[in-house]
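Please study the sequence and the structure shown below.

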Amino acid sequence: MRRKGLASMAVQTAESTTSPAAAPVDLGPAAALSCRECGHRVPLGPVFACEECFGPLEIAYDFSGYDTEKLRARIEAGPANIWRYAPLLPVPADVADKPNINPGWTKLVKADRLAAELGVTGGLYVKDDSGNPTHSFKDRVVAQALEAARAFGFTTLSCSSTGNLAGAVGAAAARAGLRSCVFIPHDLEQGKVVMAAVYGGELVGIEGNYDDVNRFCSELIGDPAGEGWGFVNVNLRPYYAEGSKTLAYEICEQLGWRLPDQLVVPIASGSQLTKIDKGLRELIELGLVEDRPYKIFGAQAEGCSPVSTAFKAGHDVVRPQKPDTIAKSLAIGNPADGPYVLDIARRTGGAVEDVDDERIVAAIKLLARTEGIFAETAGGVTVGVTKKLIEAGVLDPALTTVVLNTGDGLKTLDAVAGTGLTATIRPNLDSFREAGLA
Ligand SMILES: Cc1ncc(COP(=O)(O)O)c(C=O)c1O
Ligand SMILES: [Zn+2]
């Protein structure tokens, strides 16, 4: 069997856990944890690796008894946030009543001016997740992990982060009244550092890159010092990851319960992309959308492109890289879900591509200039890859395409440094005319 998914994490199996909880928990339709590799099932708990084969665990649901039309009506009558999809998530039925930062239901922008620039005729949309409470899609995943942390009795919320996750954890913990202590590479963008620190939790810079931070967190989980800590993307990862399904649900509902033909999704660990695929498949299985083909395209920065390198080489294992790119939020050199991303891109007829830093900056400006959306570097990566794939004839411009912008440009201002005043003038009309602005 091809060992997947856990190369960058310490292995914590169903038997070895720092969890204080053993009793059955109520996480709605989540029935058990199931190994993605061998199907072995274990009860819900704060574990992420299979005790049989060390494969990654994910949530197995019991959706039996759902009537398609009643479910659709219930979703449509739900709140304008991710909890409208609570029947499809590992959360208790009363989740919307608890203190939570309630992310989601972000705009799906019909990007006609960008489409014209890129030559897309089949309909181009930007799913703009910069509109979340801490300005990135990470609020979706943290909201699930918070419910799991509550269910398992954790008192401290933690994570290893490339920046956005740290802010999302800080905000969610603040709102829930939990302690947070999060770990980031010490040299992140100032906007990300401030966004992570402002919620009052502890923020620790690690001298190293994200992969070093992740390794450190895995050590901490196994140590008494990490007792009672819920690491959203490590020991709570199966729950956390499900939050990305809500992007798939929202996109389809906002398109009128219709699958897009093509999606362009950024890749750091690859979790988001794999769960968007899972969400789309669930909608098909539940009868909420028509079963027809869709293609998923993964997007990376050239300076951290382990998955696109493997895709282009036809490999099914991902060789780790040392990241060097302005797209720091995507700078994971050893992506846990990389092999699954390769499977999905190949199965759906998509691809994985990368763009260099210059193209990332150009794409940020293109999206801002055409649609009034200021994306962080991760959005520059997806828009840049979309452009590159259209130019290469890989993305079909005649098909409905959704491009994800997963974060806010205000957090990565340095990427567009030099963008500023058109002119400085004296406060009179002559000066205005002299500057050639009339
Ligand atoms: C803005 C942004 N987009 C996308 C991603 C990719 O997430 P994943 O690790 O699920 O691939 C990240 C991860 O940190 C991110 O911060
Ligand atoms: Zn297994």
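Asn 164 is found in helix α4, which spans residues 164-176; helices (H or I, at least four residues) and strands (E, at least two) are DSSP runs, numbered from the N terminus. This is a predicted model, in which local features need pLDDT of at least 70, side-chain atom pairs count only at pLDDT 80 or more, and totals for chains, interfaces and linings use all residues. Residues are numbered from 1 along each chain as its sequence is written, chains are lettered from A and ligands numbered from 1 in the order in which they are written, and side-chain values use heavy atoms, with hydrogens and water left out.

**Asn 164 and its surroundings**

- Asn 164 has a relative accessible area of 5% and is therefore buried, a word that means under 20% relative accessible area, with exposed meaning over 50% and partly exposed in between (1.4 Å probe, protein chains only).
- The side chains of Asn 164 and Lys 411 are joined by a polar contact of 2.7 Å. Such a contact is a pair of N or O atoms within 3.5 Å; within protein, one must be able to donate a hydrogen and the other to accept it, and residues adjacent in sequence count only if both atoms are side-chain atoms.
- Not counting residues up to four places away in sequence, Asn 164 touches Ser 136, Lys 138, Lys 192, Ser 329, Glu 376 and Lys 411; contact means heavy atoms within 4.5 Å.

**Ligand 1**

- Which residues come nearest to ligand 1? Of the 16 residues around the ligand, these are Ala 268, Ser 269, Gly 270, Gln 272 and Thr 406; a residue is near a molecule or strand if one of its heavy atoms lies within 4 Å of it.
- An oxygen atom of ligand 1 lies 3.0 Å from a polar side-chain atom of Thr 162.
- A polar backbone atom of Ala 268 is 2.9 Å from an oxygen atom of ligand 1.
- In the side chain of Ser 269, an N or O atom is 2.7 Å from an oxygen atom of ligand 1.
- The protein buries 98% of the 400 Å² that ligand 1 exposes when taken alone; accessible areas come from the Shrake-Rupley method with a 1.4 Å probe, and for residues only the protein chains shown count as cover.

**Cysteines**

- A disulfide is a covalent bond between the sulfur atoms of two cysteines. In this model the term is applied to a pair of cysteine sulfur atoms within 2.5 Å.
- How many disulfides does a search of the whole structure find? The search finds zero.
- Cys 217 is in no disulfide, and the nearest cysteine sulfur, that of Cys 159, is 7.2 Å away.
- Cys 217 has 0% relative accessibility and so counts as buried.

**Helix α8 and the residues after it**

- Helix α8 (residues 245-254) is largely enclosed by the rest of the structure, because nine of its 10 residues are buried.
- The buried residues of α8 include Lys 245, Tyr 249, Glu 250 and Cys 252. For Cys 252, the relative accessible area is 0%.
- Gly 256, which follows α8, has a positive phi near 85°.
- Trp 257 lies in the loop between α8 and β10. Its phi is near 55°, a positive value in a residue other than glycine.
- Is Trp 257 buried or exposed? With a relative accessible area of 12%, Trp 257 is buried.

**Residues in other loops**

- Phe 54 is located in the loop between β2 (41-42) and β3 (57-61). Although Phe 54 is not a glycine, it has a positive phi of about 65°.
- At 36% relative accessibility, Phe 54 counts as partly exposed.
- Leu 236 sits in the loop between β9 (229-231) and α7 (237-242) and is buried, at 0% relative accessibility.
- Leaving aside neighbours within four places in sequence, the contacts of Leu 236 include Pro 46, Phe 152, Phe 154 and Phe 231.
- Ile 373 belongs to the loop between α12 (357-371) and α13 (377-391) and counts as buried at 6% relative accessibility.
- The C-alpha atoms of Ile 373 and Asp 408 are separated by 8.7 Å, while the two residues are 35 residues apart along the chain.

**Confidence**

- The chain averages a pLDDT of 94, and 95% of the residues score at least 70; pLDDT is the predictor's confidence in each residue, from 0 to 100.
- The pLDDT is below 50 over residues 1-21, a stretch that has 69 contacts in the model beyond near neighbours in sequence.
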